[in-house]
Amino acid sequence: MVEGLLSVRDLSKRFGGLIATDGVSLEVIAGEIHALIGPNGAGKTTLIEQLSGAMPPDAGAIRFGSVDITGRPQHERVRLGLARSYQVTSIFPKFTVLDNIALAVQARSGSSVSFWRPRDSETALFDEARRLIGQVGLAGRETALAGTLAHGEQRQLEVGLALATQPKLLLLDEPMAGMGPEESERMIGLIDSLRQNVTVLLIEHDMAAVFRLADRVSVLVFGRVIATGDPVAIRNNAEVKRAYLGDEAAT
Amino acid sequence: MSGILILEQTLNGLQFGLMLFLLAAGLTLVFGIMDMINLAHGSLYMIGAFLASTLVGATGSFVLGVLLAIPATAVVGMLLEITVLRQLYARDHLSQVLATFALILIANEAVRIIWGSDQPLTTPAALSGPVELLPGMYYASYRLVIIAVGLAVAVLLYFVVTKTRTGMLVRAGASNREMARAMGVDIRTLFTLVFGFGAGLCALAGAMLAPLFAVQVGMGENILILAFVVIVIGGIGSIRGALVGSIIVGMVDTIGRAFLPALLREFLPPQFAGAIGPALASILIYLLMAAVLFWKPQGLFPARG
Amino acid sequence: MRRAPVLALLALAIAFPLVAKDYDAIYYVSFASRVMIYALAATSLNLILGYGGMISFGHAAFVGAGAYAAGVLLVEGITSAWIGWPAAMAVSALLALAIGAVSLRTRGVYFIMITLAFAQMAYYLTVSMKAYGGEEGLNLPSRATLGFGLELKDDVTFYYTVLVLLVVALVLLQRLVHARFGRAVQAIRENETRMQAIGYPTFQYKLICFVIAGAFGGLAGALLANQSNYVNPSLLHWTQSGMLMIMVILGGVGYRYGGLIGAVVLLGIEELIANHKIAWLAALLPNYQQHALLGVGLILLAVVLFAPQGLAGLFARPAPAGNGRG
């Protein structure tokens, strides 16, 4: 089996009596867009929390590239190139769009333990921020306060923040949550454009988007990966159908 | 170190802890249900003590004076809630801290203007004699009364909170305010009543402890900090946590102050023991709180789901 | 705030002692020194409270630690300010490092409580230091020495020294706020989780901020000790922390001159009430001058309820956050 960019082995997490992650093993190959789907409550976000470092697993191991990141704190994983976006928008609403992205660019360009030079004088930082803002489709909105953006624009910023950290692997948690058809189309275009340069692990409910974007799909049900394969194979997989639609659909 | 002394200090610790519980219970409910840090809780304790002192003087009866002080302080508390505190529920914690700190300043000065700096209240004559608990061991009967009252209130509170409808509403509110509101509970009135109830408890504690500690302006601040330490240790929003926390804090503080300096003198040269002893005794409960927070950041019995 | 008013104020501050001398009002020079020292303390608190969003109820511990460090050195015969004052800053910084390392692992009310607890511990520690006065406090033999022919025991010289230090501190802290570090800390205040998710070790940043604030608080403490020639455990009491917080909110949380404005207003009001009888107020409430804190409490309550941005907030244009509020 090809060793992936991200390699998850037997990851487990329980909350009291509830098993959220049940021995999950997963490989994400460099360069691919790998979708993670599953019914509500399957434990997708909990899995992302453990992969990104926000939540420690009870058991199992996570390897990123050649590094065992299982015990590493979140900010270290970001430095190594593993970034995530949030299902529930988590931006800096009182800052401008430009400031939002600049913060992420700042994190990746040298130390912020710098007390004297005014940050706003760093033109290179802001040039890079503007480029990213254009990339996620928010050109022209630089000076708007992030909290005043429309929902769809906020989702674009959400992805932009993660992208600004120059990740090798991007964990996108339902980037199209709450978006209308036009906005979703734009987001699909954005994710597609990342295809060569950034590996993506995409959690999504929007099946059309998943089948258009994904190279491979993994299905998570009750904290377990029940199938992995290319989109067509997954669509025809009996177990997957049963999980989503109930027993009648599989027969 | 005689067994009698240990028993005596243990009883003192229990007594102090139970009175602390009266404050902590109100405080934890307000924090748990309304998510509000109320620094003025200690001021209600002070107002209760001053009112009791005046009412005892006016009625000539200790019991009557104390009993009247409770609803009187409850009314003060509810007025405070309706006028000022209600505006703070939606605000951030910093605003709550500062606004209630302002109330402390205002209350202290208001009391000073109305009563002067202190207003002594002495133990009622009927209860000032000692009681022989064990052969050769005498304990102040008044302190026993305090323990009895404290236990009675704890039991009463237990029944109210677990067995009555109001208690159920309160517990629901403490663990999930939004849900309680969605279920149609009249939140505003509930809050006012809870606050008034907490104020009443403060008054009871203030009145009962008045003969033992001085009734003076500023008496609320010290006990306020202890009450906060209690609810942090016990778990915010939990009455059970408040009870356990209060007993622990009361015991540790009393026994620590009584025995730690002597204990240190056994092991350390006298000049160190003399200096560190009292300081260490004072900070013992803070160390305890820090330790609890380290291992159980939500306290011992967190009420919030 | 724009340049011109600030420079005018600075000019006023420079001219003040000279004018006071002419009007035989040296007492006010001393008072002004005290105000500026508290302005420094409040500004240091504003760094963690306003910009960092950390509600520390134990800041008085750092001010007090600095005061005691400076005081103890003076009592032990080390009179040079060049040693004493940096030492005070170092002591406070170390204390802030220790307290911050533990406290910053908590959030919300737990953080408030644990900073309060540590401050109380420091308070009881100073009470127990019998060798240095204990509860009575410690009288200091004299103010520190600066050398260069400058005598700090002259109130006017002391005033200018404090003024220079305050101005330097304000400039340094402003540079910090607008530098990468300050931007990061303000963003952490807004959304700490996301800051971690974009690669910032937020705990370290908060701790560094905490230590810097502690150090400047310690400097204020050293100056306080010298100003009154006296140190006393009550400097570390949590109600003193409360007073500093009042100054910050009065002046404006997170505003450049919030600490300064708050110190001027609070101490000014206290001075006014204590030493200048207002006839009609005296008619209403004969002893009102002994109840200055009542007025302070009412004003504070009013500010929190109706003007939470403080006085600076009333005057300054609300600039987009992240671009600094002046």
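1. In chain B, 78% of the contacts with a separation of 6 or more are between residues 24 or more positions apart. The model is a predicted one, and the points below should be read with that in mind.

2. Chain B, make-up and overall form. This chain holds 11 helices and 2 strands. Read from the N terminus, its elements follow the order α-α-α-α-β-β-α-α-α-α-α-α-α. The radius of gyration of chain B is 20 Å, close to the 19 Å that the globule rule gives for 305 residues, so chain B is as compact as a globular protein of that length. Along the principal axes, the C-alpha atoms of chain B fill a box of roughly 60 × 50 × 40 Å. Of the 305 residues in chain B, 51% are buried.

3. Which chains touch? There are 2 pairs of chains in contact, and chains B and C share the most contacts. Chain A and chain B have no contact joining them; their closest C-alpha atoms are 13 Å apart.

4. Chains B and C. Here 33 residues of chain B are in contact with 35 residues of chain C. On the chain B side, the elements giving two or more residues are α4 (93-115), α9 (219-234) and α11 (270-295). Helix α4(B) gives the most, with 16 residues. By residue class, the side of chain B that touches chain C has 25 nonpolar, 5 polar and 3 charged residues.

5. Chains C and A. In this pair, 24 residues of chain C are in contact with 30 residues of chain A. On the chain C side, α6 (155-178), α7 and α8 (192-197) each supply at least two residues. The most come from α7(C), which gives 6 residues. The residues of chain C that touch chain A divide into 12 nonpolar, 7 polar and 5 charged.

6. The sheet in chain A. Chain A has an open sheet of 4 strands in the order β2-β1-β4-β5, with antiparallel pairing. Strands β2 (18-28) and β5 (67-68) of chain A stand at the edges with a single partner strand each, so one side of each has no neighbour in the sheet. Strand β1 (residues 6-15) of chain A pairs with β2(A) in the antiparallel sense over 8 bridges. As one point to look up in the structure, S12(A) has D22(A), in β2(A), as its bridge partner.

7. Helix α3 of chain A. This helix (residues 97-108) has 12 residues and reaches 18 Å from its first C-alpha to its last, close to the 16 Å expected at 1.5 Å a residue. How many of the residues of α3(A) are buried? The number is 11 of the 12, so α3(A) is largely enclosed by the rest of the structure. Among the buried residues are V97(A), D99(A), N100(A), L103(A) and Q106(A).

8. What packs against α3(A)? Its buried residues pack against α4 (123-135) and α5 (151-163) of chain A, together with α7 (180-190) of chain C. Just after α3(A), G110(A) takes a positive phi of about 95°.

Conventions:
Residues are numbered from 1 along each chain as its sequence is written. Chains are lettered from A and ligands numbered from 1 in the order in which they are written. This is a predicted model: local features need pLDDT of at least 70, side-chain atom pairs count only at pLDDT 80 or more; totals for chains, interfaces and linings use all residues. Two strands pair if DSSP finds at least two bridges between them. Two residues are in contact if their C-beta atoms, placed from the backbone, lie within 7 Å. Ala, Val, Leu, Ile, Met, Phe, Trp, Tyr, Cys and Pro count as nonpolar, Asp, Glu, Lys and Arg as charged, and the others, Gly among them, as polar. The expected span of a helix is 1.5 Å times one less than its number of residues. A residue is buried if 20 or more other C-beta atoms lie within 10 Å of its own, exposed if 12 or fewer, and partly exposed in between; C-beta atoms are placed from the backbone. The radius of gyration is taken over C-alpha atoms; the globule rule is 2.2 Å times the number of residues to the power 0.38.
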